[in-house]
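This report covers selected local features of one protein model. Please read it alongside the sequence and the coordinates.

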Amino acid sequence: MGLIFLRDPPEGLPMVAILVISLLNFWVLRITSHLLLLRLKASKYSKGSIMHPVQRAFAMNLDNICPELQGNRISLDRQLQNHQYTVSHIIEMLGGNQRATMYLSKCMYSITIGSNDYLSNYFLPMFYPTSQQYTPEQYAKLLIQQLTQQVMTLYRYGARKVVLYGLGQLGSIPIVLSLCGIISSSCEDSFNKVVQLFNDRLLSLVADLNKNLWQAKFIFINTTSMDLEYTSSTFQGSMVKNASCCELLGFGQFQCSPSGYVCHNRSQYMFWDAVHPTEAAYEFYGGRAYRAQSPTDAYPFDISYLAKL
């Protein structure tokens, strides 16, 4: 993979070179959901059954534009179709809709989505026209409108406990920091401001869903707030925040070099490569999502409270 240049950046963004990134959401959902399952003691369920707690972690996006140059991704619409198939089997196994509805109402659904829609779409005008068609505000509104319909579909399939993660500080990941370093000091802030528009609308969506769908509970996890605290010098002390644990293939690359060195103190690094956080970072995010340590971590309450409902 090489560098891709933003020849016509969205309004408010500087001209910047950025690598095509496709797997950020995969690792966020995969590792965080795994840590949450451990906290929820999912191991008490029997294995080898469709009734066993399931982690489905895919690189995915909200819209149905799946860039082939980044490998296969499964849109959220497609995943909902797959989930409907699973629900039909649960109904069959439990002997009817009523028992299945009761069972599904106790399940927890975790959705971490949006990074690909920005890093692998909106910020790539040479491949996709979205940044020319929509201002940052319009694009955030469009994504939330699509997500609203998809969450409503999940609700119709029986979901009653839903966790929606906000986006983190995409302007603060190493790949963007290294590129912004040769452009301007305000570059990373421009990325973060665009993404914050999505987070603000997502928080409003959660409030609306809780108001209108009183039989269900939805919570918002403020990843940006956690990012700001996690990267603060006073909170993590000697934590390395602007470099990867592994040796990269080269400048502008996010993958680890197969023959390169790997840091020996992984717990002191925030990022494994130039994009994906380490398990130490995810342990922090997962822990705060499960049991909030600050009023800004979760709204209206954290996952531990949701699990008890």
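The text below treats disulfides, a helix pair and one threonine in turn.

The model is predicted, so local features need pLDDT of at least 70 and side-chain atom pairs count only at pLDDT 80 or more, whereas totals for chains, interfaces and linings use all residues. Residues are numbered from 1 along each chain as its sequence is written, and side-chain values use heavy atoms, with hydrogens and water left out.

**Disulfides**

A disulfide is a covalent bond between the sulfur atoms of two cysteines. The criterion here is a pair of cysteine sulfur atoms within 2.5 Å. The structure holds two such links.

| Pair | S to S | Torsion about S-S | Hand |
|---|---|---|---|
| Cys245 and Cys263 | 1.8 Å | -95° | left-handed |
| Cys246 and Cys256 | 1.9 Å | -85° (about) | left-handed |

Both Cys246 and Cys256 sit in the loop between β6 and β7, 10 residues apart. Cys245 and Cys263 also lie in the loop between β6 (240–244) and β7 (269–271), so this pair ties together parts that are 18 residues apart in sequence. Strands are DSSP runs of E with at least two residues, and helices are runs of H or I with at least four, numbered from the N terminus.

Relative accessible area is classed as buried under 20%, exposed over 50% and partly exposed in between (1.4 Å probe, protein chains only). Cys245 is buried at 0%, and Cys263 is buried at 9%. In the other pair, Cys246 is buried at 2%, while Cys256 is partly exposed at 23%. Cys107 is partly exposed, at 22%.

**Helices α6 and α8**

Two packed helices are described by the angle between their axes and the distance between the axes. For α6 (residues 136–156) and α8 (residues 187–212), the angle is about 35° and the axes are 9 Å apart. Axes are lines fitted to C-alpha atoms over the stretch in contact, and angles run from 0 to 180 degrees between N-to-C directions. Contact means heavy atoms within 4.5 Å. Residues making the contact include Leu143, Ile144 and Leu147 of α6 and Leu197, Phe198 and Leu202 of α8.

**Thr223**

Thr223 is found in helix α9 (residues 223–230). Thr223 counts as buried because its relative accessibility is 13%. Its side chain reaches the backbone oxygen of Gly166 at 2.9 Å. Not counting residues up to four places away in sequence, Thr223 touches Tyr165, Gly166, Leu167 and Gly168.

Technical notes: A polar contact is a pair of N or O atoms within 3.5 Å; within protein, one must be able to donate a hydrogen and the other to accept it, and residues adjacent in sequence count only if both atoms are side-chain atoms.
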